[in-house]
Number of protein chains: 2
Amino acid sequence: MQCPVARSLERVGEWWSILILRDALNGVTRFEAFQKSLDIAPNILARRLRALVEAGLLERRRYSERPPRDDYVLTPCGRDFQPVVIAMMAWGNRHFAPEGRAVTLVDRETGIEADPILIDAVSGRPMSDRIFRLTRNAPATGERERQ
Amino acid sequence: MQCPVARSLERVGEWWSILILRDALNGVTRFEAFQKSLDIAPNILARRLRALVEAGLLERRRYSERPPRDDYVLTPCGRDFQPVVIAMMAWGNRHFAPEGRAVTLVDRETGIEADPILIDAVSGRPMSDRIFRLTRNAPATGERERQ
């Protein structure tokens with residue numbers, strides 16, 4: 001599938017994968033720490049970590065030779081997933097936190113809670129349907145199809 | 001789970017759900033149109049649509065009485081999922097489109113391709129680790145735990 005959303009989901013289209021990336025973005029690197037945070041069976045965690053390494057989002061890094069132990073660090077591609085996780089967090093906080101927001105992002109300097117929104121870096125305008133429209137491009141030539 | 005990312009994934013934590021929302025955000029409402037776009041088995045599509053209705057992201061709307069036919073329209077909660085899909089699209093376009101970006105968002109006025117980034121609406125600053133930190137709140141009292 002050429003759709004970039006579908007291509008992203010080929011890499012992360014599974015509940016655990018996104019939660020593993022969430023933890024990695026919060027600084028988790030060790031197998032045991034992922035397991036504790038996620039309350040996940042070791043064989044499933046091992047499989048999801050391996051898939052994220054194969055997809056190029058995490059890489060293994062040896063931190064002990066005897067016994068041999070690796071941890072898992074984000075690649076640049078994995079770090080770039082952060083806006084997706086933040087957008088999910090903002091959506092969850094807005095709609096599914098009737099008792100109050102359990103996790104929020106605050107400005108390190110002011111301590112004020114952030115309100116994450118998507119804007120277009122080119123024009124500075126908010127990403128809304130009224131302002132932007134989807135365009136399908138012909139990948140081979142870069143030419144645009146008629147809509 | 002109290003994490004807002006986990007709560008979001010309870011609603012959409014499945015490949016098809018996110019692709020169905022992507023299509024709904026692009027204006028698809030009819031069962032047949034989802035099926036054609038997604039190339040998905042009818043029973044699986046019916047199940048995913050029902051789950052999204054139960055989760056409060058889509059609602060059924062009768063468009064024909066004889067024969068009885070419903071289509072599926074986004075609720076306000078479902079429309080609010082758009083930043084997640086746009087963030088996924090931007091990530092997919094950046095990392096997994098070696099032959100060129102198949103789908104992009106362009107400014108309706110200028111035709112210039114958008115570069116979607118997340119900023120904090122309060123301070124206007126980009127959402128980055130250096131500027132923001134995660135805070136866990138105690139939901140019952142709203143009090144902050146020590147980090």
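I take helices (H or I, at least four residues) and strands (E, at least two) as DSSP runs, numbered from the N terminus. This is a predicted model, so I kept to its limits: local features need pLDDT of at least 70, side-chain atom pairs count only at pLDDT 80 or more, and totals for chains, interfaces and linings use all residues. Residues are numbered from 1 along each chain as its sequence is written, and chains are lettered from A and ligands numbered from 1 in the order in which they are written.

**Entry 1. The loop prolines**

I started with Pro67(B). I found Pro67(B) in the loop between strand S1 (58-64) and strand S2 (69-74) of chain B. The peptide bond that joins Arg66(B) to Pro67(B) is cis, with omega about -5 degrees. I then checked chain A. Arg66(A) and Pro67(A) are also joined by a cis peptide bond, omega about -5 degrees. Pro67(A) sits in the loop between strand S1 (58-64) and strand S2 (69-74) of chain A. I noted the background: most residues other than glycine have a negative phi, and most peptide bonds are trans.

**Entry 2. Asp39**

I looked up phi next. Asp39(A) is not a glycine, yet its phi is positive, about 55 degrees. The loop between helix H3 (31-38) and helix H4 (42-54) of chain A holds Asp39(A). Is Asp39(A) buried or exposed? I scored burial by counting other C-beta atoms within 10 Å of a residue's own, with C-beta atoms placed from the backbone: 20 or more is buried, 12 or fewer is exposed, and in between is partly exposed. Asp39(A) has 7 such atoms within 10 Å, so I put it down as exposed.

Asp39(B) has a positive phi of about 55 degrees and is not a glycine. I placed Asp39(B) in the loop between helix H3 (31-38) and helix H4 (42-54) of chain B. Asp39(B) has 7 C-beta neighbours inside 10 Å and counts as exposed.

**Entry 3. Tyr63(A)**

I went back to strand S1 of chain A, where Tyr63(A) lies. Tyr63(A) counts as exposed, with 12 C-beta neighbours inside 10 Å. For contacts I required C-beta atoms, placed from the backbone, to lie within 7 Å. Leaving out residues up to four places away in sequence, Tyr63(A) touches Arg69(A), Asp70(A) and Asp71(A). Arg48(A) is 15 residues from Tyr63(A) along the chain, and their C-alpha atoms are separated by 20 Å.

**Entry 4. Domains of chain A**

I noted two domains in chain A: domain 1 (4-80) and domain 2 (81-147). The bounds come from an automatic or database domain assignment. Their centres, taken over C-alpha atoms, are separated by 23 Å.

**Entry 5. How the chains meet**

How many residues does each chain give to the contact? Chain A gives 62 residues and chain B gives 62 residues. On chain A, the elements that each supply at least two residues are helix H1 (4-12), helix H2 (15-25), helix H6 (82-95), strand S3 (103-107), strand S4 (116-120) and strand S5 (132-138). H6(A) gives the most, with twelve residues. I sorted the residues on this side of chain A into 37 nonpolar, 13 polar and twelve charged. In that count Ala, Val, Leu, Ile, Met, Phe, Trp, Tyr, Cys and Pro are nonpolar, Asp, Glu, Lys and Arg are charged, and the others, Gly among them, are polar.

**Entry 6. Strand S4 and Pro116**

I followed S4(A) across to chain B. S4(A) and strand S4 (residues 116-120) of chain B pair in the antiparallel sense over five bridges. Pairing requires that DSSP finds at least two bridges between the strands. Pro116(B), in S4(B), is the bridge partner of Asp120(A). Four of the five residues of S4(A) are buried.

Pro116(A) is in strand S4 of chain A. Pro116(A) is buried, with 23 other C-beta atoms within 10 Å. Its contacts, not counting residues up to four places away in sequence, are Ile86(A), Ala87(A), Ala90(A), Leu105(A), Leu118(B), Asp120(B) and Met127(B).

How values were computed. Two residues are in contact if their C-beta atoms, placed from the backbone, lie within 7 Å.
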